[in-house]
Amino acid sequence: VETELFEVLATVPADGVLFAEIDGERLAIRRNAPAIGNENAWFVITSASTDKGWAIELGALPIAILVLGVVTLLLSWRAWRSHQRSLTTMSLTDGLTGLANRAQLRSRFDHIVKVARREGEEVAILLLDLDHFKEINDTLGHHRGDELLCQVSTRLVRTIRDGDVLARLGGDEFAVLLRSVDAERAAQQCARRMEGALDERFLVADIPVRVGASIGIALRPMHGESIDELLQHADVAMYRAKQSEMGSAVYEPDLDDHSAEQLALVGQLRDAIAGDELEVHYQTI
């Protein structure tokens, strides 16, 4: 019987049904398409004692099973895709503000640089740090500080152009990534819009609060090629703006005290002090 069945199966057309009688049993055999990831042939075999039964078995049961399988597979695939999209969104989005996070900023940087090279444009990164934010956290609590960060994010979103990227890097630090033929001018204009957006008072726990910001600007390719270089140099410019209370500042290599040589010298000085290697000499005038 098995040999006879296998011989019959070999004759079943790829897109049809074969009727056969094996060992006195009336059978209808359908060949199904191979399953995903499995190239083996699959068959649906039904039987009945009357001609009417053929129609019932062949028309209802196999089709119902096939439809149920397809629906189940489709729902499973949609659930998996939805889960994957959720994971991707979570990995690229700041959980508090809904802005891009550092990972998304890096990813968008690579894309924006490619477009800028093709269009002959420059790229700028602005690094914004809120002034005296720690005092608000210490006075009103971190949950109120988070509330203020959300309000700040809402205002900053209104200051950027389509195609620019606004990200929260952590704490009270935000970054903007933009491209333009004259990136320095575009970045300074963006900085002024951001400063203006923060001029109006915020209301936190029914308390009016004013928040200022210091903004550092670094340009590609003038101040570096990688996003790490640009963020580092924008950070230097931001602290210069904070110290001078000038609102915003563009990175200037000549005024950057943060060099590898200086860092090495500080390390050597610490080793010399620990090893009692310093000698003090007094020179009269």
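**Exercise 1. Is C190 buried or exposed, judged by its relative accessibility?**

Solution. Before starting, keep in mind that this is a predicted model, in which local features need a pLDDT of at least 70 and side-chain atom pairs count only at pLDDT 80 or more, while totals for chains, interfaces and linings use all residues. Residues are numbered from 1 along each chain as its sequence is written, and side-chain values use heavy atoms, with hydrogens and water left out.

The classes are set as follows: buried means under 20% relative accessible area, exposed over 50%, and partly exposed in between, computed with a 1.4 Å probe on protein chains only. With a relative accessibility of 0%, C190 counts as buried. C150, with a relative accessible area of 27%, is partly exposed. A disulfide is a pair of cysteine sulfur atoms within 2.5 Å, and a search of the whole structure finds 0 of them.

**Exercise 2. Describe how strand β5 is placed and paired.**

Solution. Helices (H or I, at least four residues) and strands (E, at least two) are DSSP runs, numbered from the N terminus. Two strands pair if DSSP finds at least two bridges between them; β5 and strand β6 (residues 173–180) are joined by 5 bridges and run antiparallel. Within this pairing, V165 stands opposite L177 in β6. The two strands form a hairpin with 2 residues between them, and in the turn G171 has a positive phi of about 55°.

**Exercise 3. Work out the surroundings of E121.**

Solution. Begin with the position: E121 lies in the loop between α4 (102–119) and β4 (122–131). Its relative accessibility is 18%, so E121 counts as buried. Next come the contacts, meaning heavy atoms within 4.5 Å: leaving aside neighbours within four places in sequence, E121 touches A116, R179, S180 and V181. With R179 there is also a side-chain to side-chain polar contact at 2.3 Å. A polar contact is a pair of N or O atoms within 3.5 Å, where within protein one must be able to donate a hydrogen and the other to accept it, and residues adjacent in sequence count only if both atoms are side-chain atoms.

**Exercise 4. Count the salt bridges and examine some of them.**

Solution. A salt bridge is a side-chain nitrogen of Lys or Arg within 4 Å of a carboxyl oxygen of Asp or Glu, and by this rule the count comes to 11. One of them joins K242 to D131, with the closest N and O atoms 2.7 Å apart. Because K242 lies in helix α8 (residues 227–244) and D131 in strand β4, this pair ties together parts that are 111 residues apart in sequence. K242 is partly exposed, at 26% relative accessibility.

Another salt bridge links K134 and D138, at 2.8 Å between the closest N and O atoms; both residues lie in helix α5 (residues 133–140), 4 residues apart, or about one turn of the helix. Both K134 and D138 are exposed. Finally, R117, R220 and E225 are linked in a network of salt bridges.

**Exercise 5. State how confident the prediction is.**

Solution. The predictor's confidence in each residue is the pLDDT, from 0 to 100; the chain averages 79, and 67% of the residues score at least 70. Over residues 48–60 the pLDDT is below 50, and this stretch has 25 contacts in the model beyond near neighbours in sequence.
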